Amino acid sequence: PDCNSAMIGIYFLNKDTGWFLGANKVFRTFDGGETLDSFYAPWFDNFEIYFKDINTGLFTGDGRVFKTTDKGESWFDTNVPTFGTFYMFRKLAVNNNKVWVVGSSSPVFRSTNFGDSWEIITPGQQIGGIGINFVNQNTGYIGRSLNNLIKTTNGGFNWYQQRTDSNSLAFISSFAFVNDTVGWYSCGVGRIYKTNSGGQWLTNISQITNTTPSSFSLYQNYPNPFNSKTQIEFDVPNKNNYKLEIYNLIGKKIAEVFNQEYALGRYKILYNADDLSSGIYIYRISSKENSISKKFILLK
C-alpha cells in the first residue's frame with residue numbers, strides 16, 4: 001500500500017494487530033507491521049486512533065470523531081454536537097464504553113456508548129484543551145497551553161486547576177496513569193512530570209502567622225453550614241509534609257485538597273466544594289505522625 005502519508009496516530013491491541021492513522025487513510029496490520037492494508041479515512045486532519053476490540057474503534061479529527069465496527073475497513077461520523085464548529089480534537093479519553101473529547105476552546109463532550117451518541121457535559125463552558133485522559137469513570141485530566149492542568153473527580157462535569165510548574169509555559173499534550181494517584185504528563189518543551197498523589201489542587205492557601213503554634217491543630221471551618229466555599233484554618237508546629245483530604249460519611253475519599261510541605265505557622269485555605277453535592281463531609285489533615293478530622297455541612 002501507499003504509505004506516503006503522515007502517521008499521526010497509532011494503536012495496537014497486541015503485538016500483531018494494530019492500526020496507523022494518517023490523513024485520509026487508516027493502515028491496518030495483523031502481523032506486527034510486516035504487511036499493511038489501507039482503507040479510506042473520511043477526513044483530512046486526523047490525530048488519535050483507539051480500538052476497544054478487533055472490530056470496534058474510533059479516531060479523532062478536526063471537529064469530528066469517526067467510528068468503525070468492521071476492523072477499520074469503513075468509518076462513519078459519530079456526529080459530536082459541535083454545531084458546525086471545527087474544534088481540534090487531538091486526543092481521546094476512553095474508560096470502558098465511556099469516551100470524552102475536548103478541543104481548543106470547546107466544551108467537554110462525552111459518550112457513554114463508545115461514540116454512538118454524544119452529550120455536552122459542560123454546557124456554557126468553553127473548557128478547552130489539548131490532551132485529555134481519564135484514569136477511571138470519575139477522575140480525569142485535561143492539559144492546556146501555558147502548562148495549565150485541570151482535573152475532575154465527577155466524570156467531567158466540573159473541572160478545577162491543578163498546581164503545575166510555574167517556570168514552564170508549554171502546552172500539556174499526553175498523559176499516562178497506572179492508577180488514580182501515580183501518573184505522568186508530557187509537555188511541549190521536552191519535559192515529563194510525575195505525580196504520586198493524583199496531582200494537587202491549586203488552592204487559595206495563605207499563611208496567617210509564622211509564630212510557633214503550641215500544637216498541631218485543625219479548626220472548625222467557617223461558615224458552617226456553607227454553600228460552595230468555606231474557610232479552613234490549621235496550625236503546623238513543625239516543618240513537615242501535610243495532606244488535607246475530604247471524605248464522605250462512609251469513609252470514601254472524595255478529594256485531596258493539598259499534599260505538600262509546610263513550614264511552622266498558622267494557615268488558612270478557601271476551599272471550593274462546587275463539585276460536591278449537599279451533605280455532611282469529613283475534612284482531615286494529616287502528617288506522617290498525626291491526623292485530625294472534623295465535619296462540615298454543605299448546603300446548596
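The areas are Shrake-Rupley values with a 1.4 Å probe, and for residues only the protein chains shown count as cover. L299 counts as partly exposed because its relative accessibility is 48%; buried means under 20%, exposed over 50%, and partly exposed in between (1.4 Å probe, protein chains only).

A quick word on what you are looking at. This is a predicted model, where local features need pLDDT of at least 70 and side-chain atom pairs count only at pLDDT 80 or more, while totals for chains, interfaces and linings use all residues. Residues are numbered from 1 along each chain as its sequence is written, and side-chain values use heavy atoms, with hydrogens and water left out.

Now the overall picture. The protein chain has zero helices and 27 strands; both are DSSP runs numbered from the N terminus, helices being H or I of at least four residues and strands E of at least two. Its C-alpha atoms fill a box of roughly 75 × 35 × 30 Å along the principal axes. Of the 300 residues, 46% are buried. The accessible surface comes to about 14,200 Å², with 49% belonging to carbon and sulfur atoms.

Next, some strand pairing. Four strands form an open antiparallel sheet in the order β5-β6-β7-β8, where pairing asks for at least two DSSP bridges between two strands. β5 (46–51) and β8 (76–77) are at the edges with a single partner strand each, so one side of each has no neighbour in the sheet. Further in, β6 (residues 57–61) and β7 (residues 64–68) pair over five bridges, and G61 stands opposite R64 in β7.

My next stop is β11. Which way do its side chains point? From β11 (residues 108–111), V108 and R110 point one way, F109 and S111 the other, and all are buried. Strand β10 (residues 98–102) pairs with β11 in the antiparallel sense over four bridges, and V101 has F109 as its bridge partner. The hairpin of β10 and β11 has five residues between the strands, and S105 there takes a positive phi near 55°. β11 is also joined by two bridges to the antiparallel β12 (residues 119–120), where I120 stands opposite F109.

On to charges. How many salt bridges does a search of the whole structure find? There are 13, counting a side-chain nitrogen of Lys or Arg within 4 Å of a carboxyl oxygen of Asp or Glu. In one of them, D116 and K67 meet at 2.7 Å, N to O. That pair links distant parts of the chain, with D116 in the loop between β11 and β12 and K67 in strand β7, 49 residues apart. D116 counts as exposed at 52% relative accessibility, whereas K67 is buried at 5%. Another salt bridge, K253 with E245, is at 3.4 Å; K253 is partly exposed at 37%, and E245 is buried at 2%. K253 and E245 also belong to a salt-bridge network with K243, E256 and R284.

Last, the rings. The search finds 29 aromatic pairs. Rings of Phe, Tyr and Trp (its six-membered ring) pair if their centres lie within 6.5 Å; planes under 30 degrees apart are stacked, over 60 edge-to-face, and the rest tilted. Y11 and Y50 have ring centres 4.8 Å apart and planes at 55°, so this pair is tilted. Y11 is in strand β1 (residues 9–12) and Y50 in strand β5, 39 residues apart. Compare F234 and Y262, an edge-to-face pair at 5.8 Å and 75°. F234 lies in strand β22 and Y262 in strand β24, so the pair ties together parts 28 residues apart in sequence. F234 is buried at 1% relative accessibility, and Y262 is buried at 6%. I'll finish with a cluster: ring pairs link W19, W43, F44, F51, F59, F66, W75 and F86.
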